[in-house]
Structures are given as structure tokens and as C-alpha cells.
Amino acid sequence: MSMRITLGRPDDMHLHLRDGAMLEAVLPETARHFARAIVMPNLVPPVVTGRDAAAYRARILAALPAGMAFEPLMTLYLTEATEAEDVAAAHAAGLIRAVKLYPAGATTNSQSGVRDFDRVRGVLERMAEIGLTLCVHGEVTDPEIDIFDREAVFIDRVLEPIRRATPGLRVVMEHVTTSDAVDYVRAGDETLAATITTHHLILNRNHILAGGIRPHYYCLPVAKRERHRLALRAAATGGETRFFLGTDSAPHPDSLKESACGCAGCFTATNTLPILAHVFEEEGALDRLEGFTSRHGAAFYGLAPNPGTVTLIRGEPVAFPARIETGAGPVTVFDPGFAVCWRVAG
Ligand code: NCD
Ligand code: ZN
């Protein structure tokens with residue numbers, strides 16, 4: 001059956017655009033459908049100062065193909081040496097929308113992240129005063145903690161103490177993967193929200209490991225048990241305003257994924273909207289897709305909804321490209337493992 005739905009132009013509230021040749025190749029995949037994205041700062045070296053963010057923003061805009069409109073919403077990478085003054089000035093200048101907290105060693109390019117959370121207290125207090133959002137990679141790095149428990153343990157050991165010590169701090173728990181995180185966000189007040197990725201609505205840990213190891217399904221936080229995936233689906237499709245899309249689309253060249261020690265990240269920019277339409281249709285929630293992709297995130301960040309729309313059409317199964325070519329080598333496009341009959345019009 002042919003069907004169509006029209007959404008306000010969406011925002012991707014968690015995106016990795018990288019730099020150089022990779023940036024050039026992946027940026028159009030997002031800008032084609034999304035008006036804006038919160039751009040992650042985990043470059044090598046990371047985007048630490050307001051000056052770094054201004055330079056990175058200029059490189060992103062320079063890489064945007066003629067005729068495409070896209071607004072990168074910049075973030076700073078929080079380190080133990082970050083200065084509250086610099087953060088506040090970048091915020092006041094309208095240059096940044098958030099600061100990203102990576103526990104040191106939690107994920108790709110997080111070596112410069114935070115080890116001692118007391119050392120960033122002053123910056124967090126200043127952020128609470130000025131209403132600047134902290135985006136959190138919510139996993140502990142303690143080698144004693146099982147990788148499947150790292151998100152839940154982070155909530156108790158790190159996130160709750162930070163939020164208690166810093167009243168009013170706006171926090172987005174990024175790419176939540178557990179029912180524990182969903183419950184924690186639901187129990188919080190209006191200063192707390194969460195992004196949910198496209199791939200975590202599809203994958204559980206069996207998809208990564210059963211019947212052979214699938215490196216293109218390996219990302220951090222790693223997909224958990226089926227009951228957690230179902231909790232994420234309920235949160236994403238339930239119309240709750242404190243859950244919104246952050247794809248965490250994270251391109252790596254295939255040579256670095258298909259390796260004895262492959263890196264973490266799923267590249268979903270190309271087919272995210274059609275896959276989301278499929279998921280929301282399955283859940284009988286197509287009328288809630290626009291809230292998830294185009295309204296809730298903007299509202300949390302205090303942004304006006306985007307002008308313009310995207311239309312999704314349901315028809316025959318769509319053959320998305322298996323990979324995109326980049327100057328850094330081919331990058332595999334996320335394969336949801338089922339036929340998707342939605343495509344973006346135009
Ligand atoms: C991200 C990356 O590749 O930069 N990888 C990932 O698995 N999500 C980093 C991150 O967001 O954790
Ligand atoms: Zn990410």
C-alpha cells in the first residue's frame with residue numbers, strides 16, 4: 001500500500017561528522033534530510049576551546065555542497081583543563097549549544113576525557129548558571145564493570161551525583177541503551193532528557209554476536225538485551241517529549257571496523273529516516289515520528305522548529321547503498337536486516 005507522511009524538517013541531536021575527506025563524504029548524507037545537528041567534538045585532537053569550535057564549524061560549512069542548507073550546532077569536548085570563562089564566552093557568542101562529557105577511555109577518541117569529575121565542577125556550575133546543556137556519554141570505564149552494565153552503573157556512580165551537586169544543570173543522556181536509563185530519565189525533571197539512536201531501536205546483543213560477529217553492529221554503548229531494546233522503542237515511539245533522536249551516526253572506514261580490534265560506531269545517516277518510519281509504523285506510532293525527529297529535541301535545546309518539511313513515501317522495498325565511498329575508504333551503511341519500504345521524497 002502506498003502511503004506518505006510529512007514531517008517538519010528534522011534535527012539530529014547527536015552526530016559525528018569527522019573532518020577532512022570523511023567530513024566531505026558524510027556531511028551530504030545528513031544535510032540531505034536534516035536541517036541541523038548537534039555535532040560531536042571527538043576529533044583528533046578534540047574540539048576543546050571556543051576557537052576550535054569556530055574553526056571546525058567553518059570547515060563543516062566549507063564542506064557543504066552548494067545548494068544544501070545545514071546548520072551545525074557545535075559542542076565543546078570537556079577536559080579537566082577546560083576553562084569556565086572560555087565555555088561561557090563561546091555560549092554567549094552563540095557558537096556552541098552544548099558541552100560533551102566523555103569519561104576518559106569510554107569510547108572512540110575519548111582519551112582526553114574526564115577522569116576526576118571534581119576537576120570539572122566549576123565548569124558544570126557555570127553551565128548550570130547560563131543554561132548550557134551537558135551532553136553525557138553515560139558509561140563508566142572501570143575495567144571491573146562488565147561492558148553490558150556500564151551504563152546502568154554510570155547513572156548511580158556518576159550522573160546522579162553530578163546532577164545532585166549541580167542543581168539546574170541541563171543534561172542530555174546520550175544514546176541510551178537500557179531500561180535503567182529510560183526509567184532514570186522519566187523520573188527526572190525537565191532539565192533531563194535523552195537521545196535515542198536509530199540502530200538501538202533495531203539491535204539487541206544477539207544481532208552483534210549470534211551466528212558470527214558483525215562488526216558493523218558494534219557501537220558504544222553496545223546494544224543490550226532484547227528487553228532493553230523494547231524499552232527504548234517504547235520511549236522513542238511513546239510521544240514523551242524528553243526522548244528525541246540523536247543518531248550517533250559514526251562513520252569509520254571499513255578497514256578499521258572489519259579488523260581484529262574493530263572500532264565502535266554505526267553509520268546510519270543515509271537511511272535513518274526511512275528506518276525510523278518503519279519502526280514507528282510497526283509500533284502504530286507514525287503520528288509520533290515528527291515529535292521524535294523534529295520537535296522534542298529542538299524544544300529541549302530552546303530552538304525554534306525548522307522551517308520546511310520532509311516527506312516519506314511508503315512503496316516497494318528500497319535498495320539503499322551498501323556503502324558510501326569516502327576519501328578515507330569505503331564506509332558501510334547500516335543494514336537494519338529487514339526490508340525497508342519507506343524512502344524520502346525528492
Ligand atoms: C562514536 C565514534 O565513533 O566517534 N562511536 C560509537 O560507537 N558511538 C563515539 C561515541 O559516540 O561513543
Ligand atoms: Zn556518539
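Tutor: Contact means heavy atoms within 4.5 Å of each other. The model is predicted, so local features need pLDDT of at least 70 and side-chain atom pairs pLDDT 80 or more, while totals for chains, interfaces and linings use all residues. Residues are numbered from 1 along each chain as its sequence is written, chains are lettered from A and ligands numbered from 1 in the order in which they are written, and side-chain values use heavy atoms, with hydrogens and water left out.

Student: Which residues are in contact with T191, leaving aside its neighbours within four places in sequence?

Tutor: They are R163, G168, L169, R170, V171 and F300. T191 itself sits in the loop between α6 and β8; helices are DSSP runs of H or I with at least four residues, strands runs of E with at least two, numbered from the N terminus.

Student: Why does T191 count as buried?

Tutor: Buried means under 20% relative accessible area, exposed over 50%, and partly exposed in between, with a 1.4 Å probe and protein chains only. T191 has 10% relative accessibility, so it counts as buried.

Student: What makes the pair T191 and D189 a polar contact?

Tutor: A polar contact is a pair of N or O atoms within 3.5 Å; within protein, one must be able to donate a hydrogen and the other to accept it, and residues adjacent in sequence count only if both atoms are side-chain atoms. The side chains of T191 and D189 are joined at 2.5 Å.

Student: Where is T270, and what does its side chain pair with?

Tutor: T270 is in the loop between α9 and α10 (272–282). Its side chain makes a polar contact of 2.7 Å with the side chain of E29. T270 counts as buried because its relative accessibility is 10%.

Student: How do you know which residues coordinate the zinc ion (ligand 2)?

Tutor: Donors are N, O and S atoms within 2.8 Å of the metal (3.2 Å for Na, K and Ca); water is not among the atoms, so sites may look incomplete. H14 (NE2), H16 (NE2) and D248 (OD) coordinate the zinc at 2.0 Å.

Student: Why is the arrangement around the zinc ion (ligand 2) called irregular?

Tutor: Four donors count as tetrahedral if all angles lie between 85 and 135 degrees; four count as square planar and six as octahedral if opposite donors are over 155 degrees apart and all others between 65 and 115; anything else is irregular. The four donor atoms here subtend angles of 91 to 139°, which makes the arrangement irregular.

Student: What makes H16 and D248 a pair that ties together separate parts?

Tutor: H16 lies in the loop between β2 (11–15) and α1 (20–31) and D248 in the loop between β9 (243–245) and α9 (254–257), so the pair links parts 232 residues apart in sequence. H16 is buried because it has 7% relative accessibility, and D248 because it has 5%.

Student: Which polar atoms lie next to ligand 1, and at what distances?

Tutor: An N or O atom in the side chain of D248 is 2.7 Å from a nitrogen atom of the ligand. A polar side-chain atom of H137 is 3.3 Å from an oxygen atom of ligand 1, and a polar backbone atom of G265 is 3.2 Å from an oxygen atom of ligand 1. Taken alone, ligand 1 exposes 310 Å², and the protein buries 100% of that.

Conventions: Accessible areas come from the Shrake-Rupley method with a 1.4 Å probe; for residues, only the protein chains shown count as cover.
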